[in-house]
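Notebook open, and I am going through this one piece by piece.

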Amino acid sequence: MPKLTLTFKGRVIDVFHLESETTHIGRNEDCTIPIDSLAIAPVQAVLTLDADDTYQLQATDEEFPVLVNHEKIEQTLLHHGDVIQIGKHTLSFAEDVMELGADLGQSDLPADQEPDPDDENEIDESKSSSGVLQIMSGDNFGRIIPLKRNLTRIGHAGGDCAMIARREDGYFISFLEGPNPPSINRQPIGDQVQILTDGDVIEVGGTQMQFHY
């Protein structure tokens, strides 16, 4: 199911599943996505599901601009990974990850994704769906890391690194190297191996990522 992830200054506030054909975004409490900020109009944007299952975003107040990927818009079609800026808040748009996992590239991402030499082969996609990590802070906010391989290393060489292992019963994260272990939902994992659940916020080396499955 498509989602909008609301963040403020790199901190995840909430995740909204797009269950209705029309989604209102604004300061009003009765909006589908209410954002309590004077920098936001009572209703600043409307998201509409078209007949062809695409989402159209429309700005509704000229005094309160809406930006998509840093460009001011009046109306635009949303694509997976688009980042919407409304006031001082951002909303990242993610479509169903099972459809997109096989199509998203891994270039230009601030994470080392080289698998262990003994785990070079990818898991059979027909037997298991793919999870993804969505970057939630920094210059690459909104970018996607597909978790297709048996092992995916996240972080930077010589710094804090973690390993995500893909198994038949889910995805598991463990501390690999560096002075600081990763955290899940602001709780350091130490030397423990922990299973990831949909919506978990992971922090490695100061970068926040949200796990979707």
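**Entry 1: Ile 25**

I looked up Ile 25 and found that it counts as buried, at 0% relative accessibility. For my own record, buried means under 20% relative accessible area, exposed means over 50%, and partly exposed is in between, with a 1.4 Å probe and protein chains only. A note on the source: this is a predicted model, in which local features need pLDDT of at least 70 and side-chain atom pairs count only at pLDDT 80 or more, while totals for chains, interfaces and linings use all residues. Residues are numbered from 1 along each chain as its sequence is written, and side-chain values use heavy atoms, with hydrogens and water left out.

Ile 25 sits in strand 3. Strands (E, at least two residues) and helices (H or I, at least four) are DSSP runs, numbered from the N terminus. I then listed what Ile 25 touches, not counting residues up to four places away in sequence: Leu 4, Cys 31, Ile 33, Ile 35, Val 43, Gln 44, Ala 45, Ile 86 and Leu 91. Contact here means heavy atoms within 4.5 Å. I also checked Ile 25 against Leu 47: they are 22 residues apart in sequence and 7.9 Å apart in space, C-alpha to C-alpha.

**Entry 2: what strand 3 pairs with**

Strand 3 (residues 22-26) pairs with strand 5 (residues 45-49) in the antiparallel sense, over four bridges. Two strands pair if DSSP finds at least two bridges between them. Within this pairing, Thr 23 stands opposite Leu 47. Strand 3 also pairs with strand 4 (residues 33-34), this time in the parallel sense and over two bridges. There I noted Pro 34 as the bridge partner of Gly 26.

**Entry 3: Lys 3**

Is Lys 3 buried or exposed? I got a relative accessible area of 9% for Lys 3, so it is buried. Lys 3 belongs to strand 1 (residues 3-8). Its side chain makes a polar contact with the side chain of Asp 198 at 3.1 Å. The Lys 3 side chain also makes a polar contact with the side chain of His 212, at 3.1 Å. A polar contact is a pair of N or O atoms within 3.5 Å; within protein, one must be able to donate a hydrogen and the other to accept it, and residues adjacent in sequence count only if both atoms are side-chain atoms. Leaving out residues up to four places away in sequence, Lys 3 touches Val 15, Phe 16, His 17, Leu 18, Ser 92, Phe 93, Ala 94, Asp 198 and His 212.

**Entry 4: the sheet with strands 14, 15, 16 and 19**

I traced an open sheet of four strands in the order 14-15-16-19, with antiparallel pairing. Its edge strands, strand 14 (151-155) and strand 19 (194-195), each pair on one side only. Strand 15 (residues 161-167) and strand 16 (residues 170-177) run antiparallel and are joined by seven bridges. The two form a hairpin with two residues between them. Going along this pairing, I found Ile 164 opposite Ile 173 and Ala 165 bridged to Phe 172. Strand 16 is also joined to strand 19 by two bridges, again antiparallel. In strand 19, Gln 194 is the bridge partner of Ile 173.

**Entry 5: pockets**

Which residues line the largest pocket? I wrote down Asn 69, His 70, Gly 81, Val 83, Gln 85, Thr 90, Gly 138, Asp 139, Asn 140, Phe 141, Gly 142 and Arg 143. On a 1 Å grid over the protein atoms alone, a pocket is an open set of points where a 1.4 Å probe fits, with protein on both sides within 12 Å along at least five of seven lines; lining residues have an atom within 4 Å of a point. The volume of this pocket is about 270 Å³, a volume being the space filled by probe spheres set on the points. By class, its lining has two nonpolar, eight polar and two charged residues. Ala, Val, Leu, Ile, Met, Phe, Trp, Tyr, Cys and Pro count as nonpolar, Asp, Glu, Lys and Arg as charged, and the others, Gly among them, as polar.

The second largest pocket has a volume of about 170 Å³. Its lining includes Arg 11, Val 12, Ser 183 and Gln 208. Strand 20 gives the most to this lining, with three residues.

**Entry 6: the chain as a whole**

I counted one helix and 21 strands. Of the 213 residues, 43% count as buried.
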